[in-house]
Amino acid sequence: MGNLTATRAPQPWTAPKATDPVAATLRLPGSKSLTARALVLSALAGGPSTLTRPLRARDTELMAGGLRAMGAHVSTSDDQQWLVRPHRLVGPAHVDVGLAGTVMRFVPPAAGLAEGRITFDGDPQARSRPLGPLIGALRSLGVRIDAPGSGSLPLAVLGSGRVTGGEVVIDASASSQLVSGLLLAAPRFDRGVVVRHVGPPVPSAPHLRMTTRMLRAAGAAVDDTTPDVWVVEPGPLTGRGWEIEPDLSGAVPFFAAALVTGGQVTLGGWPHSSAQPVDRLRELLHAMGGEVAVTTDGLTVRGTGRLHGLDADLSDVSELTPVLTALAVLADSPSRFTGVAHIRGHETDRLSALAREFTAIGANVTELVDGLEIRPQPLRGGAFGTYHDHRMAHAAAVAGLVVDGIEVDDIGCTAKTMPDFAALWSAMVTGSS
């Protein structure tokens with residue numbers, strides 16, 4: 001008989017209930033968004049770069065692995081400082097995107113600059129994530145792509161060592177990453193790129209501003225003064241040192257715990273000038289009953305003992321939708337979140353999943369075309385599905401602060417962006433952090 005190993009489902013994780021207000025100062029991993037962009041820019045630069053305090057998690061390891069497979073030297077042996085030495089990109093190579101939108105959308109444009117065949121595939125769920133607009137845009141810029149599916153993974157980029165570039169029209173309403181992926185590689189295109197977006201608004205505008213800010217920091221000439229148009233001139237990228245900020249999206253469930261329990265959480269190492277949407281987060285948490293301050297100690301969120309619902313367009317900060325939904329089901333008044341239709345195409349259909357899982361534990365959550373309506377009512381314990389989505393697990397953990405018996409089916413999915421989430425969370429709730 002062969003060696004057969006049964007695949008076991010992960011054991012459910014019981015979200016710890018808080019008995020006291022939380023009080024914690026945390027040092028969280030670096031920003032996934034900043035780490036991913038810094039890796040791509042460094043691999044395409046003219047000299048070596050370092051990433052200080054990067055995020056080591058599944059998504060960023062896959063990004064490093066993909067760039068390494070194409071020929072870049074990416075050393076991740078030191079958790080506190082990664083080293084990238086650019087090299088001629090070549091195939092054949094295979095890039096495993098996992099379930100990471102950054103990898104599947106940032107690496108194919110860079111692969112167009114490689115010589116040879118670069119194949120891309122990932123987790124089964126990755127094949128349903130929107131990729132068609134990027135494939136069409138790259139083809140119009142002179143990149144040969146073999147994509148047998150209908151605008152999705154798997155695909156192969158048949159690189160010739162150069163990309164013509166030029167002007168391209170794209171509907172990026174499904175994800176700002178579709179634009180960011182083109183912009184990050186554009187300085188290396190023969191003619192640079194002019195990207196014109198047509199269609200519904202591009203979501204997550206702060207992430208696009210992050211992309212252009214980092215391009216300029218690497219020496220690229222970028223013009224984003226015209227709405228929905230981005231111009232990147234051809235030219236060299238400079239190797240440099242990248243200081244990676246703590247991950248704001250990853251910190252949000254911990255901040256939510258301060259609101260829910262009337263406690264205080266400080267994220268240490270927070271810069272006074274941030275590339276992440278901290279001002280928008282401040283507005284949202286303040287409206288829901290929190291106080292946010294940036295001090296020499298870091299970014300601090302305090303709960304006031306009251307948790308309010310709100311009506312908000314979350315299109316700029318759609319990653320926060322799951323945790324804000326968890327806050328909303330615990331609030332003292334209804335909430336309505338809109339502008340996030342595109343998160344149906346994230347790791348899972350987040351709107352459907354949030355409505356389904358919170359309804360299963362007693363909440364009144366109604367799906368809208370582009371969001372959710374939440375009417376608070378008493379919750380009960382029970383199973384909470386994550387659909388392999390780290391943000392769903394975060395939402396369940398927040399609800400579990402006040403509800404006994406929230407059983408999270410796969411807390412391991414949080415390794416996508418924060419491998420130590422469960423331990424950090426439990427330490428905060430029990431006061432041992």
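Visitor: Which residues does R391 touch, not counting residues up to four places away in sequence?
Guide: Happy to start there, with the reminder that this is a predicted model. R391 is found in helix α11, which spans residues 390-399. Leaving out residues up to four places away in sequence, R391 touches S249, G250, E319, P322, R350 and T417.

Visitor: Is R391 buried or exposed?
Guide: Its relative accessible area gives the answer, and that value is 5%. Buried means under 20%. R391 therefore counts as buried.

Visitor: With which side chain does the side chain of R391 make a polar contact?
Guide: E319 is among the residues that R391 touches. The polar contact is between the two side chains, at 2.7 Å, and the partner of R391 is E319.

Visitor: Which residue in β14 stands opposite L51?
Guide: Let's look at strand β3 (residues 49-52), which pairs with β5 (residues 81-85) in the antiparallel sense over four bridges. In that pairing, T52 stands opposite Q81. β3 also pairs with β14 (residues 241-243), in the parallel sense over three bridges. There, the residue opposite L51 is W242.

Visitor: What sits over the ring of W242?
Guide: W242 is the β14 residue opposite L51. Over its ring, at 4.3 Å from the ring centre, sits the charged end of R240.

Visitor: Which strands stand at the edges of the open sheet of four strands?
Guide: The order in this sheet is β6-β7-β9-β8, with mixed pairing. An edge strand has a single partner, so one side of it is left without a neighbour in the sheet; that applies to β6 (93-96) and β8 (144-146).

Visitor: Which residue of β9 is the bridge partner of R144?
Guide: β8 and β9 (residues 155-160) run antiparallel and are joined by three bridges. In β9, the partner of R144 is L158.

Visitor: At about what angle does helix α3 run to β7?
Guide: Helix α3 (residues 101-111) lies across β6, β7 and β9. β7 covers 115-121, and the angle of α3 to β7 is about 170°.

Visitor: How many residues of helix α5 are buried?
Guide: Helix α5 covers residues 177-185, and its buried residues include Q177, S180 and L184. The helix is largely enclosed by the rest of the structure, because the number buried is nine of the nine.

Visitor: How many aromatic pairs does the structure hold, and what is the geometry of F254 and F421?
Guide: The structure holds four aromatic pairs. The rings of F254 and F421 have centres 5.7 Å apart and planes at 65°, so this pair is edge-to-face. F254 lies in helix α7 and F421 in helix α12, so the pair ties together parts that are 167 residues apart in sequence. To recap your two items, the count is four and the geometry is edge-to-face.

Visitor: Which residues do ring pairs link into a cluster?
Guide: Both F254 and F421 are buried. The cluster linked by ring pairs consists of F254, F421 and W425.

Visitor: Where is P154, the residue joined to L153 by a cis peptide bond?
Guide: The bond from L153 to P154 is cis, with omega near -5°. Another cis bond joins G91 and P92, with omega about 5°, and P92 is in the loop between β5 and β6. P154, for its part, is in the loop between β8 and β9.

Note on methods: Residues are numbered from 1 along each chain as its sequence is written. This is a predicted model: local features need pLDDT of at least 70, side-chain atom pairs count only at pLDDT 80 or more; totals for chains, interfaces and linings use all residues. Side-chain values use heavy atoms; hydrogens and water are left out. Helices (H or I, at least four residues) and strands (E, at least two) are DSSP runs, numbered from the N terminus. Buried means under 20% relative accessible area, exposed over 50%, partly exposed in between (1.4 Å probe, protein chains only). A polar contact is a pair of N or O atoms within 3.5 Å; within protein, one must be able to donate a hydrogen and the other to accept it, and residues adjacent in sequence count only if both atoms are side-chain atoms. Contact means heavy atoms within 4.5 Å. Two strands pair if DSSP finds at least two bridges between them. Axes are lines fitted to C-alpha atoms, for helices over the stretch in contact, and angles run from 0 to 180 degrees between N-to-C directions. Rings of Phe, Tyr and Trp (its six-membered ring) pair if their centres lie within 6.5 Å; planes under 30 degrees apart count as stacked, over 60 as edge-to-face and the rest as tilted. A charge sits over a ring if NZ of Lys or CZ of Arg is within 6 Å of the ring centre and within 35 degrees of the ring normal.
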